[in-house]
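This report covers a ligand site, a cavity, a sheet and some backbone details. The sequence and structure come before the discussion.

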Amino acid sequence: MRHHNLISLDPGKLPELRCRLLIIGSGIAGLAAALTAAAAKADVILVTKDKLTESATFYAQGGIAAALMEGDTPAAHAADTLKVGQGLCDEKAVEILTREGSAAVQRLIDLGINFDRLDGKFHFTMEGAHSHRRILHGNGDATGRLLEEFLIAQARQHPQIAIHENHFAIDLLTIDNQCHGAVVLDTDYGRLMSIRADATILATGGAGQVFRETTNPAVSTGDGFALAYRAGAVLRDMEMTQFHPTTLYLAGAPRFLISESVRGEGARLINEKGEHFMEKYDERGDLAPRDVVSRSIFKELESKQSAEIFLDLRHLPPALVHGRFPNIGKLCAFYGIDIVKDPIPVRPAAHYFMGGVKVDLDGQSDVARLFVVGETSSTGVHGANRLASNSLLEGLVFGQRAVRRALDCASTRWQRILLERPETERSAPLDLNDMRSSLKSLTWRNLGVFRSAELLAAAEKTIGMWERYVLGEQFQARAGFELQNMLTTARLITMGAIARKESRGAHQRVDFPGEDDPPRHTEQRMEV
Ligand SMILES: Cc1cc2nc3c(=O)[nH]c(=O)nc-3n(C[C@H](O)[C@H](O)[C@H](O)COP(=O)(O)OP(=O)(O)OC[C@H]3O[C@@H](n4cnc5c(N)ncnc54)[C@H](O)[C@@H]3O)c2cc1C
């Protein structure tokens, strides 16, 4: 069952705000867009469904990649990005990411952002599959927080930017394949409102919460994928979900990310017997790309060599460990693990969506006046696998770029747009928490690191059954809308994974172990 809207109403009867540019989401991509638009004197409304800081950006640890160290070049950064993307990257997009990325990070430095230094010079760290040390970081392992707070401080001061926290975007206002804004729910007061805009930028991040095991914060429920899909935009390569190999794996503890830069500084993966095992699976060892390391961990577990996998930092100088990874150290200590003395139990978890809403090099989607940036978009920079620390960079670069074209959109005439969905009768009470955890278990089991026709067909069948009563429901609050968006995102991942009958990068089919030639994208669009 497909619905084009989650609610049915006449937005003309709601309180209405108008602006030149509506931005949905307050991670790095949304904030970069807001600041760029405000600098061009456009009036901006930025809505975000939780506190302003609540985003994947805030929790990013390792850093942001930029070819700024002596001896490094944007071309070398581009070559590494293309290699990891395994034939599915858009070369032009990668060229823009790496060239404009260096300049954009340099601008942040010029504005005074305080990346970590060693002996007075910026400290660039190493991460998997990078050929140079090019990762800038902040507060040791809290780079996202540094960036988010730096951008928020500027946005809060800017008179052109009106910020609305706790405002959840439910549906886009679209007519004749044009987007005119969104209907949002003010979750503090339970009030709906309509925001009309000449252009709308979706910067809603990813959807790790769709999976049982994830590094993502609670806000990452795939709302932007589902909003754009319902509005008729094309989504591309949704099966390309990246599983981060090393998250803390302890009963009852959050799946806290143990950043790749920990391995960049020399930490090693070991099995229960204390043996290094990565070289058995890949010559690049512990710094192989994330998809390779995640699969290797599962293979090692399956080979019965070990029931547990650990990340070992015991051979590293304690001063380096404490200086570089203070937050990881603090969190682990809370669960009785001293990271300089004890190996850390780790497992892979869903981390990042390479696919998303298909956009051109300026963030324009297939729906006029609708732009998509950051993790919600598919610009083509990540291909089949994302190079570590390229995601914050993508949000920064393409968040800024989209604004130029968005502000080219002419002013719109007010038009009556009705949100409609079929009337449904509620037949049974729905336990949202149970539904949510059933969905997360299904995705982890059937759409995880290894996939097959059998697992995918079973997922499609179960999701279809759930859609019949969950998408048919008319919810009033954020949790219900999020569940509907998670279900739609799970459907998009499943259909992409069924369509991709090959193994490439993050998408591995045990029944199709080889790569197709030439590489191709999968695309999905809801008939409007
Ligand atoms: C633990 C962790 C560590 C990471 N470490 C790194 C790293 O070191 N380097 C790197 O490059 N990348 C890293 N990543 C990935 C990176 O952080 C994200 O891909 C990136 O921050 C995404 O930015 P974004 O602006 O697109 O989305 P986000 O930062 O996720 O922001 C999305 C925003 O949209 C809002 N939103 C969502 N839905 C709605 C809705 N319906 N209505 C209103 N608002 C909505 C959210 O509340 C949030 O404010 C990490 C990710 C995680 C989870």
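This is a predicted model: local features need pLDDT of at least 70, side-chain atom pairs count only at pLDDT 80 or more; totals for chains, interfaces and linings use all residues.

**Ligand site**

The ligand is surrounded by 37 residues. T57, G63, E375, S391 and L392 are the closest of them. Sorted by class, this shell holds 13 nonpolar, 19 polar and five charged residues. Polar contacts to the ligand include those in the table.

| Residue | Protein atom | Ligand atom | Distance |
|---|---|---|---|
| K49 | backbone N or O | nitrogen | 3.1 Å |
| T57 | side-chain N or O | oxygen | 2.5 Å |
| G63 | backbone N or O | nitrogen | 2.7 Å |

Five elements are listed as giving two or more residues each to the shell: the helices α1 (28-39), α2 (56-59) and α12 (391-406), and the strands β8 (167-175) and β15 (344-353).

**Cavities**

The model has four cavities of 30 Å³ or more.

**Sheet**

An open sheet is formed by four strands, ordered β18-β16-β11-β19, with mixed pairing. The edge strands are β18 (377-378) and β19 (523-524); each has a single partner strand, so one side of each lacks a neighbour in the sheet. Within the sheet, β11 (residues 235-236) and β16 (residues 356-358) run antiparallel and are joined by two bridges. In this pair, L235 lies opposite V357 of β16. Strands of a sheet pair through backbone hydrogen bonds, in either a parallel or an antiparallel way.

**Backbone details**

Most peptide bonds are trans, and most residues other than glycine have a negative phi. Two places in the model depart from these patterns. The peptide bond between D517 and P518 is cis, with omega about 0°. P518 sits in the loop between α15 (478-499) and β19. R369, a residue other than glycine, has a positive phi near 65°. R369 is located in the loop that lies between β16 and β17 (370-372).

Note on methods: Residues are numbered from 1 along each chain as its sequence is written. Side-chain values use heavy atoms; hydrogens and water are left out. A residue is near a molecule or strand if one of its heavy atoms lies within 4 Å of it. A polar contact is a pair of N or O atoms within 3.5 Å; within protein, one must be able to donate a hydrogen and the other to accept it, and residues adjacent in sequence count only if both atoms are side-chain atoms. Ala, Val, Leu, Ile, Met, Phe, Trp, Tyr, Cys and Pro count as nonpolar, Asp, Glu, Lys and Arg as charged, and the others, Gly among them, as polar. On a 1 Å grid over the protein atoms alone, a cavity is a set of points where a 1.4 Å probe fits but cannot get out, and a pocket is an open set with protein on both sides within 12 Å along at least five of seven lines; lining residues have an atom within 4 Å of a point. Grid points are joined across faces, edges and corners, and a volume is the space filled by probe spheres set on the points. Two strands pair if DSSP finds at least two bridges between them.
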